[in-house]
Amino acid sequence: MFNKKNLSAQIQNVIYNKIKLKKHLPLAIIASGSLFLAACGPSSDDKTSSTGPDEYGFTPASEYTLESNNAVLEELPFENKQDFSDANRGFIATLPEYVVKYTDGSTIMDLSDYDFIEGDAPGSVNPSLWRQAKLNNINGLFKVTDGIYQVRGFDLANMTVIEGKKGWIIVDPLTTSETAKKALDFVNEQLGFRPVSTIVFTHSHMDHFGGVNGLLAAAGNDVANIEVVAPGGFMEEATNENIIAGPAMSKRASYMYGNLLPRSERGHVDAGLGKAVPFGTFSILAPTLTVNTDETHTIDGVEFEFHIVSGTEAPSEFTFYLPKMKAYCGAEMVSKTMHNLYTLRGAHVRDAVLWSKSIDEAIEEQKDAEIYFGTHHWPVWGQDNINEFLVSQRDTYKYIHDQSVRMINNGLTPKEIAEEIEMPPALSNTFSSRGYYGTVKHNAKAIYQGYLGWYDANPVNLDPLPEYESAAKYVKLMGGAEAVIINAQAAYDEGEYRWSAELLNHVVFADADNKDAKELLASSYDQLGYQAESAPWRDVYLSGAYELRHGAADKVIDLASMKVILLQTPIEKFFESMAARLNGPEAFGEEFTLNINFTDLDKNYVLELENAVLRHKLAPKDKTADATMNITHELFIDLVIGVAGVSEVLTSDDLSLEGSKLGLISFFALLDQPEGVFNIVTP
């Protein structure tokens with residue numbers, strides 16, 4: 001029998017007392033662009049006591065966490081209030097209540113969830129992150145300069161509104177139709193109604209284009225009269241990212257953005273780039289003007305000098321300079337935070353050298369600018385201030401790259417590099433280069449990954465045992481679960497939370513039903529989350545703690561709300577996705593040829609299953625095929641994303657079938673239907 005006396009009082013409070021949990025709204029999960037988009041978790045005021053767990057089980061900040069967070073106050077120049085002055089400058093108005101509803105009545109975004117963010121940082125939040133959260137709480141309509149306005153804080157991203165001759169030029173229409181309509185309605189209410197003449201998409205991430213249909217609803221003018229401007233490759237990148245690995249990215253991103261967490265002092269407080277990612281209705285428009293090179297265009301009477309920066313923060317992206325207004329838009333190439341070279345939801349590593357070089361070029365391109373504004377955060381006024389901001393952003397990415405490579409060539413491993421790398425004081429004391437979104441540690445590991453991949457050259461890591469197997473052996477070697485927990489408790493009591501978490505992770509992966517280990521591991525994650533300066537790191541740790549206490553989310557991926565965008569996705573991407581969903585062992589020895597003939601597109605694709613591999617090609621109908629599906633594009637998308645089942649499709653008027661019906665059903669039965677429902681912190 002395990003001795004309960006070895007458990008801390010905090011753990012006993014959770015394990016041996018019943019915790020009444022609030023019921024959550026249904027969770028809908030999707031992945032697209034660079035974002036996870038999900039219904040926000042429960043909102044609540046922080047009603048926790050200072051001595052016990054809150055209603056979700058999150059423990060109080062320990063004395064070591066308090067000490068760590070207090071030290072931050074001594075390390076950074078909190079007396080510098082310039083960002084607060086800039087974030088409030090040009091304020092026109094805001095809504096007394098900002099609540100946005102989905103069509104079913106559920107809440108997409110409610111800014112009152114963050115009313116608790118005021119005053120000094122509580123012990124459960126890193127003071128530097130608290131500062132960023134307070135800045136991101138400043139919301140409403142702002143005048144940037146004559147002819148340029150921004151809506152900030154109504155979504156994760158900003159919506160910029162520029163006065164054109166015929167109407168509004170809208171730069172980045174937010175994430176959802178609902179938030180975009182709310183924002184433009186508010187602009188028209190405050191500044192006077194004008195139609196939308198132009199929509200500018202700065203880059204291919206969802207929070208910068210997904211709300212476009214909301215603009216059309218608010219503007220009331222025909223889309224045929226609107227010019228849509230985007231960088232080269234926009235449609236391809238905006239519609240197909242995450243199609244292949246979307247389910248896994250969705251689950252990981254739910255951790256990164258803290259979607260299940262309460263909005264409270266012990267839960268989600270900020271996303272670093274903004275408050276949170278809204279979930280609603282998503283849309284897209286194809287560009288009528290594609291910018292492929294550095295070039296100048298006059299758009300609704302306003303001169304735009306475009307600069308291509310694709311491959312920095314997004315695979316398709318541009319910045320632009322407005323010479324008449326002496327204003328430079330840095331898109332998301334630069335923000336008031338260190339960004340991700342590698343994003344925790346999972347994505348390709350970004351090119352730090354190209355990123356730094358592009359910012360260096362921007363310094364020259366905007367040398368006459370008097371105003372900088374971006375697609376996140378607040379503007380900067382004055383050429384000296386703009387230059388200082390851009391230089392610190394440029395050198396942040398270059399320093400991490402160069403020092404990581406230096407240590408790579410000295411034989412250091414990714415973990416060692418992350419532990420050893422130290423930013424120069426000039427950058428570490430600059431708030432806009434702090435790790436509120438990306439971090440020095442995981443960006444340094446990204447550099448290693450980009451050059452050398454996952455293998456650190458140590459033979460022991462070439463073919464290691466899977467976690468669940470090695471964990472059981474470690475626990476047995478260390479004297480059993482009780483002995484490991486005793487040692488982990490000692491580490492926890494000394495404030496060594498990284499070590500207690502590592503020890504307890506072995507116990508949990510050896511025995512997922514060990515409640516003592518799970519609660520102490522969750523408590524370790526609590527403290528690591530409270531100390532984190534990065535909003536995603538905080539949310540990842542606290543989401544891990546939440547899952548240990550309450551289990552993984554059991555809701556399926558909802559791609560139906562993405563249908564408008566998925567209909568614009570190249571069909572080939574869905575065939576690639578189907579190939580990646582083929583259950584190889586179940587397909588051993590199976591052969592099948594299928595024509596998928598799109599009756600509304602006049603295109604036929606031949607799918608061939610052989611050697612447990614599914615291949616596709618655009619070709620005339622294969623007359624020897626086992627089956628032919630004559631189907632509409634829309635019905636095919638419904639089938640692939642699970643909106644319609646095989647039996648439903650087979651009875652639809654939009655499908656006619658030739659050949660073996662049974663063979664077709666058997667073929668689709670070989671395809672997995674991943675829902676993004678799996679454990680992360682337990683086996």
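Threonine 239 is located in helix 7 (residues 234-240), where helices are DSSP runs of H or I with at least four residues, numbered from the N terminus. The model is predicted, so that local features need pLDDT of at least 70 and side-chain atom pairs count only at pLDDT 80 or more, whereas totals for chains, interfaces and linings use all residues. Residues are numbered from 1 along each chain as its sequence is written, and side-chain values use heavy atoms, with hydrogens and water left out.

With a relative accessibility of 1%, threonine 239 counts as buried (buried: under 20% relative accessible area; exposed: over 50%; partly exposed: in between; 1.4 Å probe, protein chains only). Apart from neighbours within four places in sequence, threonine 239 is in contact with Ile284, Ile565, Gln568, Thr569 and Pro570, contact being heavy atoms within 4.5 Å.

Helix 16 comprises 14 residues (497-510), which at 1.5 Å a residue should span 20 Å; the expected span is 1.5 Å times one less than the number of residues. The end C-alpha atoms of helix 16 are 20 Å apart, in agreement with this value. Because 10 of its 14 residues are buried, helix 16 is largely enclosed by the rest of the structure. Among the buried residues are Tyr497, Leu503, His506 and Phe509. The buried residues of helix 16 pack against helix 2 (63-75), helix 14 (467-477), helix 15 (481-493), helix 17 (515-531) and helix 18 (535-550).

Valine 353 belongs to helix 9 (residues 352-365) and is partly exposed, with a relative accessible area of 32%.

Methods:
Helix = DSSP H or I, 4+ residues; strand = E, 2+ residues; numbered from the N terminus.
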